[in-house]
Amino acid sequence: MSGSYIALSLSMSVFFSTQVLSKSLPDLEALLGQQLNQLPTNTQISTASRIERSSSDSMAITHVVTDKDIRQFNLQSIADIIALFAGVTTRDDSSFIYVGARGIGRPGDFNSRFLFLLDGTRINENLLDAGLLGYENFVDVGLIERVEFSPGASAALYGNNALLGVINIVTKTTSKLRGVNTAVSITNDGAQHARATIGFRSSSGSDSWLSISKTKINAIPYPVLNVPAELIKWQHLNDDESTRLMFSHQRGSLQFQAAGSKRKRIFPDGFSLISQATPELEELTSEAYLFALTFDDTLSEDIEAYFHISTHGNDLERSIPFILPNGDVEFDRPRNSGRWSNLDGQLMFLGLDSHELMVGFDFQKDHRQEFSASSSIPNEFNFEQKNNESRYGLYIQDLWRLTPNLKFQWALRYDNSDFSSARWSPSFSLKYNFAEKHSLLVRHNRAFRVANFLERYANTAFNIDIPKNETIKYNEVSLIQKWTPSLSSFTTLYKANIKNLIHEDFFAPIYFNTPPIRSKGLELGIDKRWHAGMSLVASMAFQRSELEGGFGIANSPKFIGQLRFSVPLGASNFLLSLHSNAVSKRKSFGYQLPAFSSHDASINWQSTNSLFIALGVRNITNEKILEITSDGFIPYVQRRRQIHLSINWSWSND
């Protein structure tokens with residue numbers, strides 16, 4: 001197995017070299033002149049600087065997965081999309097999906113070291129600061145225009161949680177969702193998905209769309225190894241069902257969004273089989289909502305304004321059966337409930353020569369932070385802890401165009417809250433275009449993550465000091481090169497010093513700060529296009545993260561490789577897409593998790609502009625992939641082989 005990712009690494013390295021040299025081939029130059037061969041230019045991205053800006057003008061590397069990529073590779077979830085980014089890994093225990101990057105993927109961290117945005121709206125919940133990427137996420141993939149990922153520390157603009165990167169999910173506008181659009185998909189292992197979307201433009205100029213989707217998975221294979229035969233026969237009770245609703249209305253400079261999701265996860269409880277012939281069912285239910293109003297406009301020739309207000313809710317409840325000595329069944333019901341609102345705004349001043357100056361603020365009011373557990377029988381598991389608090393930040397950013405080929409951007413942010421001391425977060429970036437289409441980018445950032453409500457409450461309950469804030473000092477050098485209109489590459493070398501990483505104790509539900517961590521790595525990537533729509537996107541990440549003293553950390557692979565390839569099949573409307581992912585071996589709390597390489601294939605057929613069909617296979621070789629997602633020390637099986645069929649049908653009302 002260890003040879004699989006080495007082979008992928010070597011093949012990608014050869015491709016890096018041969019593609020640069022192949023520019024001199026006589027037939028390639030002719031092909032490069034065709035529009036179909038060319039890479040997208042001046043793609044609009046906003047994650048790197050909180051304002052929409054051309055990718056060629058961005059002061060940070062931002063990776064993008066577009067709606068075209070989502071369709072070509074038949075991606076089914078937000079987690080599928082994020083897994084395509086360079087240097088990123090995902091792990092799934094069938095109840096929650098975890099993300100790791102830049103050598104940091106601590107078990108049980110609930111993605112709190114990433115900041116997640118939906119069209120610029122912060123969507124990390126307010127109890128664990130968790131990023132929810134499974135079926136509890138608001139957005140169906142069919143509504144996504146693109147997903148942006150800016151790796152590295154970004155607290156100077158975004159504040160808390162932007163420690164390892166910022167991920168922004170950008171939804172489609174009515175121009176792409178106008179009319180009626182329906183999508184259905186099924187898999188050989190019991191997953192069914194359906195979505196219906198309607199969009200329209202009124203005579204007054206407003207644009208609106210409404211979407212509802214439903215996913216149901218029956219008889220889910222147990223995600224662990226060596227399942228007892230007594231439990232296997234009850235696998236048909238292992239189900240997951242979710243519903244998502246989203247609405248968008250835009251008129252002029254104002255946009256209103258509303259979204260809601262509901263998920264119910266049911267699985268047999270193995271412990272109840274000890275004393276019963278049939279298992280009791282454990283349930284996990286979650287409900288979430290979001291309402292957001294945004295104003296984005298030009299106030300004058302030199303001033304642009306952005307203001308946003310939103311309110312959120314998130315509830316998670318478990319129902320856990322307990323068998324009493326007399327044989328009766330009692331259910332313990334722990335519950336997480338959060339309510340919070342966000343207000344933020346920014347002004348961009350363009351009237352200064354060679355400067356783009358931005359000032360902004362954001363404020364979050366946590367109306368409710370509640371952990372509770374109830375049972376009809378009084379016991380030590382019954383408790384209730386409530387809280388509410390406020391947090392706010394002020395920031396300034398200046399992009400200074402020193403010369404036509406040299407730009408300098410600095411940012412400074414001040415954060416404070418009811419539960420943590422004030423923090424300053426600076427950022428400095430220098431970009432030099434040393435040749436046409438070739439740039440050198442140097443960045444220095446600092447970022448932080450404060451202890452979330454769970455980490456503070458757990459330690460307080462045991463009369464233990466609250467963990468200190470996590471901090472990171474981050475340095476990065478990137479080389480961004482566009483060799484031809486059809487070939488580009490990037491190379492990033494980074495180093496980070498992380499202090500006070502918060503981690504749960506092995507033996508008690510309390511949290512402590514780890515010794516300092518040193519993280520360093522190299523990321524490489526290419527994007528190549530050929531005639532008739534053939535394309536290849538590949539990346540390699542070499543990384544190393546260690547505790548002070550040279551000790552390795554959990555879930556930190558030293559190599560991650562990605563390769564995406566698409567090619568039209570002759571003159572037909574068929575397109576073949578291949579995706580390979582390789583990860584080196586890694587340790588996780590005593591386990592030596594094996595290296596793996598996983599390969600997916602999809603054949604797409606576009607008969608007309610209104611009908612799109614995709615048939616694919618995931619993990620073709622049925623590679624056994626194991627990951628540890630929490631401190632329970634249980635390896636979970638990932639991405640079993642799956643055959644999936646998707647149909648997308650749309651028609652316009654124009």
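For the lining classes below, Ala, Val, Leu, Ile, Met, Phe, Trp, Tyr, Cys and Pro count as nonpolar, Asp, Glu, Lys and Arg as charged, and the others, Gly among them, as polar. Keep in mind that this is a predicted model.

With that sorted, the lining of the largest cavity splits into ten nonpolar, ten polar and two charged residues.

The largest one holds about 190 Å³ of space. Its lining is made up of 22 residues, and those nearest the centre are Ala48, Ser49, Leu157, Gln409 and Arg443. Which elements each supply at least two residues of that lining? They are helix H5 (155–158) and the strands S20 (406–417), S21 (423–435) and S22 (438–449). H5 gives the most, with three residues.

Next comes the second largest cavity, at about 130 Å³. It is lined by 13 residues, with Ile123, Leu132, Phe138, Ala288 and Asn314 closest to its centre. Strand S15 (281–298) and strand S16 (303–323) are the elements that give two or more residues here. By class, this lining has seven nonpolar, four polar and two charged residues.

Here are the two linings by class:

| Cavity | Nonpolar | Polar | Charged |
|---|---|---|---|
| Largest cavity | ten residues | ten residues | two residues |

Conventions:
Residues are numbered from 1 along each chain as its sequence is written. This is a predicted model: local features need pLDDT of at least 70, side-chain atom pairs count only at pLDDT 80 or more; totals for chains, interfaces and linings use all residues. Side-chain values use heavy atoms; hydrogens and water are left out. On a 1 Å grid over the protein atoms alone, a cavity is a set of points where a 1.4 Å probe fits but cannot get out, and a pocket is an open set with protein on both sides within 12 Å along at least five of seven lines; lining residues have an atom within 4 Å of a point. Grid points are joined across faces, edges and corners, and a volume is the space filled by probe spheres set on the points. Helices (H or I, at least four residues) and strands (E, at least two) are DSSP runs, numbered from the N terminus.
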